[in-house]
Amino acid sequence: MLLALLLVALPLPDADVVNLAHELSGEIAKRNLEGLARFHRQRGSQGFDSAAQLVLDRAKAYGLRDAEVLRFPTDGKIFYGTQRSRPGWDALLAELWEVRGEKIASWDAEPISLAEDSESANVTAPLIDVGDGTRETDYAGKDVKGKIVLVSAQPGEVQDLAVGKFGAAGIVSCAQNQKTAWWGEDENLVRWGHLETFSPNKTFAFMVSLKTARRFRERLSKGETIRLQATVKAGQHPSNYEVVTATIPGSDPRLRNEEIALSCHLDHQRPGANDNASGCVTILEVARTLRMLIDEKKLPRPARTLRFIWPPEVEGTETLLSARPELAQRIKAVIHLDMVGGGPTTKTVFHVTRGPASLPSFVHEVAWQIASFVNEQSYAFAATGSAPLPFVAPTGGKEALLAQDSPHSMGSDHDVYQDSSFRIPAVYLNDWPDRYIHTNFDSAANIDPTKLLRAAFIAAATAIALADEKPDVAWTTPMPARTSRCEAAGCAVYRRRPSPKGPLAVFGYDYLTDHLKSARLPLPKLLDWQPPRSTPFSLQPEFATSEQYTYEILNFVDGVRTAQSIRDAVSAEYGPIPLDLVLDYLRALGSAGVIEPAH
């Protein structure tokens with residue numbers, strides 16, 4: 001009776017909730033995670049292919065239907081919507097030594113020590129400190145031609161200057177993790193590094209810890225010469241985007257062609273445990289559990305089909321939806337999991353993240369209702385040692401979940417689904433901050449089976465609830481365009497062209513910037529705009545970026561709203577923005593062939 005009273009508000013029958021909670025296993029999910037974390041999972045690489053095969057094998061073993069790896073050619077020339085396909089990239093060997101000294105970095109020991117998209121090299125040269133390395137003044141009075149530069153910025157941010165303009169032979173970078181309260185605190189972290197995929201200035205780059213970089217800088221500042229030996233066998237090559245997918249077919253003949261998708265991203269550096277082996281294995285565990293409970297008649301087969309998707313981050317999802325438009329039309333809602341397993345040492349906060357204001361939907365409310373239940377149950381257990389459903393894994397933690405109901409944020413595949421080309425509502429389950437994101441310390445040891453179990457329950461229960469929604473459900477609620485007075489250019493109305501589809505800034509390629517530069521047109525001022533603080537203590541600049549404004553401006557383009565009403569809508573969502581910046585951006589979108597006047 002007590003359990004029934006506690007579950008009365010959930011969008012699932014009590015028996016289904018109990019069966020899900022009892023069958024889901026954080027330990028099974030973590031064992032799968034330990035397998036994925038063995039691979040350096042770069043797009044189009046041997047490591048990614050091995051990870052995809054592991055997921056496919058599990059999907060088949062769990063009895064999922066239609067389990068397959070979809071392959072889409074990538075060669076740097078083929079486009080999928082707004083995504084210029086990036087060639088695959090592999091490395092066979094990479095070592096950095098100090099001449100007559102110690103080994104500094106090794107691909108075999110830590111693949112993260114070689115920046116993605118590095119090219120083959122065999123170089124012995126002095127090391128020159130150029131500070132950040134992103135400004136020409138960083139190189140003033142320094143002869144770096146034929147030498148290896150030590151920089152603090154990401155390799156891709158400096159390669160065109162350091163290598164292209166000043167002739168450096170290679171790069172050593174100590175770029176730190178994304179800034180959080182723990183930024184720079186651990187000097188032993190080695191961060192995942194990237195070179196620009198399409199830069200003409202091909203080179204190599206090694207990533208080192210802050211401790212190593214500081215030691216180098218101290219020695220160089222005293223006038224010491226440091227000579228390094230860099231050996232790299234790596235490079236880009238034609239390959240495929242691989243997308244693993246499988247289904248649990250729906251039971252309702254009227255609705256089985258509609259799908260609820262659970263997605264993640266399979267690519268990342270080794271170990272890449274929370275980011276994002278955690279999301280991948282969590283939806284594997286959801287799939288295993290649902291299939292087992294359905295087979296055992298403990299759970300009714302959902303009316304709509306459930307689809308599980310494991311792609312390369314963002315670019316794989318963009319490719320899938322663009323190359324398979326029939327699939328994009330079938331998907332009615334998405335539960336996206338990206339970083340959902342961080343234990344206490346990672347300092348994570350778990351978020352149930354809403355969609356953008358341009359795509360209102362009840363989908364988030366369903367997920368948040370379920371997450372709130374997990375919050376209540378897990379807190380009761382943590383505080384008293386007793387709860388009807390504590391959601392605690394046998395080898396996991398006992399802390400309360402304390403999930404947050406969070407506003408829209410960007411940075412993963414949900415951006416693609418919710419883009420105005422596809423308009424698929426998504427709920428985004430994610431950890432942030434994470435002190436070890438994109439570093440060699442993002443390991444399985446820091447993953448909590450209890451957290452994986454709780455994320456799996458929220459995802460599974462949300463998927464079942466959405467899959468059984470009534471046939472005539474409105475997945476999105478049209479947001480009325482408020483009538484506002486406009487003059488001259490502010491009254492202009494645009495619509496999005498049928499192609500290209502997708503968000504404009506995708507990994508390794510920016511569609512808008514590339515097309516404007518090719519046409520020798522100026523870039524819109526909004527790209528470099530910083531939102532003003534509304535009060536001295538405003539957090540707005542941290543959470544509202546120009547990227548969010550540009551994403552939503554395009555999303556609000558619908559053939560009905562005026563430029564003024566679009567400006568009003570994004571101002572209400574993120575804070576005031578001048579109309580002239582919105583108009584300038586809309587004109588740039590028109591020049592790049594993304595939108596056109598609505599007549």
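I take helices (H or I, at least four residues) and strands (E, at least two) as DSSP runs, numbered from the N terminus. The model I am reading is predicted.

**Entry 1: cis peptide bonds**

I looked up the bond from R270 to P271 and found it cis, with omega near 5°. I place P271 in the loop between β12 (259-263) and α7 (273-295). A cis peptide bond also joins W432 and P433, where omega is about 0°. P433 belongs to the loop between β17 (426-431) and α12.

**Entry 2: positive phi**

I then turned to backbone torsions. F391 is not a glycine, yet its phi is positive, at about 55°. I located F391 in the loop between α10 and β16 (404-406). Is F391 buried or exposed? Its relative accessibility is 4%, so I record F391 as buried, the cut-off for buried being under 20%.

R423, likewise not a glycine, has a positive phi of about 50°. I find R423 in the loop between α11 (414-417) and β17. R423 has a relative accessible area of 36% and is therefore partly exposed.

**Entry 3: aromatic pairs**

I noted a count of 14 aromatic pairs. One of them joins F79 and Y509, edge-to-face, with 5.5 Å centre to centre and 80° between the planes. Which parts of the chain does the pair of F79 and Y509 tie together? F79 is in strand β2 (residues 79-80) and Y509 in strand β20 (residues 509-510), so the pair links parts that are 430 residues apart in sequence. I list F79 as partly exposed, at a relative accessible area of 37%, whereas Y509, at 7% relative accessibility, is buried.

Y509 also pairs with F198, again edge-to-face: I read 6.1 Å centre to centre and 85° between the planes. F198 sits in the loop between β8 (170-173) and β9 (205-207), and Y509 in strand β20, so this pair ties together parts 311 residues apart in sequence. I list F198 as partly exposed, with a relative accessible area of 24%.

Separately, I recorded one aromatic cluster formed by F72, Y80 and Y241.

**Entry 4: charges over rings**

I returned to F198 to examine its ring. The charged end of R84 sits over it, 3.8 Å from the ring centre. I found a further case at W183, whose ring has the charged end of K179 over it, 4.7 Å from its centre.

**Entry 5: helix packing around α12**

I examined helix α10 (residues 363-384) against helix α12 (residues 449-467): their axes come within 9 Å and cross at roughly 140°. I noted the crossing of α10 and α12 as right-handed. On the α10 side the contact is made by V363, V366, A367, I370, A371, F373, V374 and S378. On the α12 side I listed R454, F457, I458, A461, T462, A465 and L466.

I next took helix α3 (residues 26-36), which packs on α12 at an angle of about 110°, the axes being 8 Å apart. I therefore describe α3 and α12 as roughly perpendicular to each other. Which residues of α3 and α12 make the contact? From α3 they are G26, E27, A29 and K30, and from α12 they are P449, L452 and L453.

Note on methods:
Residues are numbered from 1 along each chain as its sequence is written. This is a predicted model: local features need pLDDT of at least 70, side-chain atom pairs count only at pLDDT 80 or more; totals for chains, interfaces and linings use all residues. Side-chain values use heavy atoms; hydrogens and water are left out. Rings of Phe, Tyr and Trp (its six-membered ring) pair if their centres lie within 6.5 Å; planes under 30 degrees apart count as stacked, over 60 as edge-to-face and the rest as tilted. Buried means under 20% relative accessible area, exposed over 50%, partly exposed in between (1.4 Å probe, protein chains only). A charge sits over a ring if NZ of Lys or CZ of Arg is within 6 Å of the ring centre and within 35 degrees of the ring normal. Axes are lines fitted to C-alpha atoms, for helices over the stretch in contact, and angles run from 0 to 180 degrees between N-to-C directions. A crossing is left-handed if the near helix is turned anticlockwise from the far one by less than a right angle, and right-handed if clockwise. Contact means heavy atoms within 4.5 Å. Angles under 35 degrees count as roughly parallel, over 145 as roughly antiparallel, 65 to 115 as roughly perpendicular and the rest as oblique.
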